[in-house]
Structures are given as structure tokens and as C-alpha cells.
Amino acid sequence: MLHDEGGVGTPILLLHGLMGSAGTWREHLGWLRPFGHLFTFDAAGHGRAAPAALTTEAFIDDLAAATASITEPMVVIGHSMGGLHGWVFAARFPERVRALVVEDIAPDFRGRTAADWAALIRTWPQPFPDERAVLDFFGPVAGRYFLNAFTRGPDGYRLHGSVDTFRDISEEWGGRHFWDEWRAVRVPTVLLEGEHTITPPGQMRRMAEEGADTEYLLVPGAGHLVHDERPEIYRAAVERFLERVLRAR
């Protein structure tokens, strides 16, 4: 579940989004590696067993146990669900986090449901017989993302987890908020939001206003996969941030 991606120095932990995997960071490891010792992580329920209770706290407990061998405070870089898990982890274990990168996720999705989204996923023509079928169905950006996440078997590519699990993870977010956890974060943070975001309007800007040491960037032309849709802007922003926080020893 925890993958050592090489490098030396400050540990940098990459957390994927819902339905993603450690492999969805593959295209970014090369430019990140000079900044520290990289680790990627497969969240519970993504290619391995889900927690008995699909609560954010259960996922954070799993993350804390999986990374217990990393004793130096980490820079945690998270996309979507991974961004949420990153700041909740930092709130619960402040001594273990040095800085945060949070991409396209907000604290309060109350009132939203994942039922229609889950129903749509069930219509996907799985298994996809080959790489071209995945790219044709999802397009070049999302298609590459899913190719890096899906399980590949003798009959082709398919989801690496249960649709019910993915749905229920998302449904939890529709019944609570995470503002208290965000306000407890005290480490430097950069927030990156896509212009065509999935997040409720204005929430990430409000996070920046209420954060202790927080930068905010709206990325033009990007949707939810900011790091893959506008990789040059994402890279420049994260490199600037890492250069700042890693110099501050």
C-alpha cells in the first residue's frame, strides 16, 4: 500500500483521489524526486480491502498506520480525496506533517449525493478490452488517469474497487463537514482549484482566508484533474511552494 518511489531528504507523500491509485502520480514523480524522498500510497478500498466503517477517520487511521515508519515530518500532496485526507491527517497528527498541497477538494459537500454518479459508473463497459478502449471512452487525460488506476487482467481493464465502496465514501462527505479539521491545520499549505471545479463555489477561497499559512491558486482551463489537465501550471506552483517550505528549516 505504501510505495517507496526513491529520492533523498524530506519525505513527500502523494495521496490519490477517489477511484485513483498510487499509479496516478506516475507522470509527476520525475520532477518531484529532486525535492525529497517520495512515497505513493494506495488508499484502503482501492485495490485492497476497505475499512469496516467507511468514515474519513477510518481512512486516516489506516494512513497513519501505513506510514508509521516515516519518522520525519512529511510534505503531504493530495488530490481530491487525498487532499481531504491530507489535511485531516495534519489536524490529527500535526507533528507528522510539515506542509500540505491540496488539490480541488473543499470541506463541505453537505446535501450532495453520489447516487447518480454511482449509477453512471455501473454503465461503464467493463472490462475495457485494451488501452485504446479506455482512452476512447474517457478521453486522453481521464483515460490515462484510469489506465494508471485500473486493474489489468486477461480480459482487459476494470475498476480496482467496488462501486458501492466508492459511492459510500463520497456519501459520507454529503452528510458532514470538515471545516473544524481544516481550521486546526497549522502548517504551510497551497490550495489549487480548477476553474471547472467539482467543489462548492467559493469554499477553497474561504479556506485560504481562514488558513494559518495558506496560498490559493485558481487554475484556468482545468477541471478536477488539475495536475494532469494543466501540468505546467500545477508543477510551477508546487515547485515554488516546495522551494519555500523546504528552505525554511
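Student: Which residues is Ile12 in contact with, leaving aside its neighbours within four places in sequence?

Tutor: Ile12 touches Leu32, Phe35, Gly36, His37, Leu38, Phe39, Val75 and Ile77. Contact here means heavy atoms within 4.5 Å. A word on the ground rules: this is a predicted model, where local features need pLDDT of at least 70 and side-chain atom pairs count only at pLDDT 80 or more, while totals for chains, interfaces and linings use all residues. Residues are numbered from 1 along each chain as its sequence is written, and side-chain values use heavy atoms, with hydrogens and water left out.

Student: Why does Ile12 count as buried?

Tutor: Buried means under 20% relative accessible area, exposed over 50%, and partly exposed in between (1.4 Å probe, protein chains only). Ile12 has 0% relative accessibility, so buried it is. You'll find Ile12 in strand β2. Helices (H or I, at least four residues) and strands (E, at least two) are DSSP runs, numbered from the N terminus.

Student: And what makes Pro154 count as exposed?

Tutor: Pro154 comes in at 93% relative accessibility, which is why it gets that label. Pro154 sits in the loop between β6 (151-153) and β7 (156-158).

Student: How far apart in space are Pro154 and Pro94, and how far Ile12 and Leu100?

Tutor: Pro154 and Pro94 are 60 residues apart in sequence and 44 Å apart C-alpha to C-alpha.

Student: In what order do the 7 strands of the open sheet run?

Tutor: The order is β1-β3-β2-β4-β5-β8-β9, with mixed pairing. Two strands pair if DSSP finds at least two bridges between them. β1 (2-6) and β9 each have a single partner strand, so they stand at the edges, with one side of each left without a neighbour in the sheet. From one strand to the next, the twist averages 20°.

Student: What makes β8 "mostly covered"?

Tutor: In β8, 6 of its 6 residues are buried. Thr189, Leu191 and Glu193 point one way from the strand, Val190, Leu192 and Gly194 the other, and all are buried.

Student: Why is α3 called largely enclosed by the rest of the structure?

Tutor: Count the buried residues of α3: they make up 10 of its 12, hence the description. Among them are Met81, Leu84, His85, Trp87 and Phe89.

Student: Which parts of the structure do the buried residues of α11 pack against?

Tutor: They pack against α1 (29-32), β4 (74-79), β5 (97-103), β8 (189-194), β9 (214-219) and α10 (226-229). Tyr234, Phe241 and Leu242 are among the buried residues of α11. This helix lies across β4, β5, β8 and β9, at about 165° to β5.

Student: Why are α4 and α7 called roughly antiparallel, but α5 and α6 oblique?

Tutor: Axes are lines fitted to C-alpha atoms, for helices over the stretch in contact, and angles run from 0 to 180 degrees between N-to-C directions. Under 35 degrees counts as roughly parallel, over 145 as roughly antiparallel, 65 to 115 as roughly perpendicular, and the rest as oblique. The axes of α4 (residues 115-122) and α7 (residues 163-173) come within 9 Å and cross at roughly 160°, so these helices are roughly antiparallel. The axes of α5 (residues 131-138) and α6 (residues 140-147) come within 7 Å and cross at roughly 135°, so that pair is oblique.
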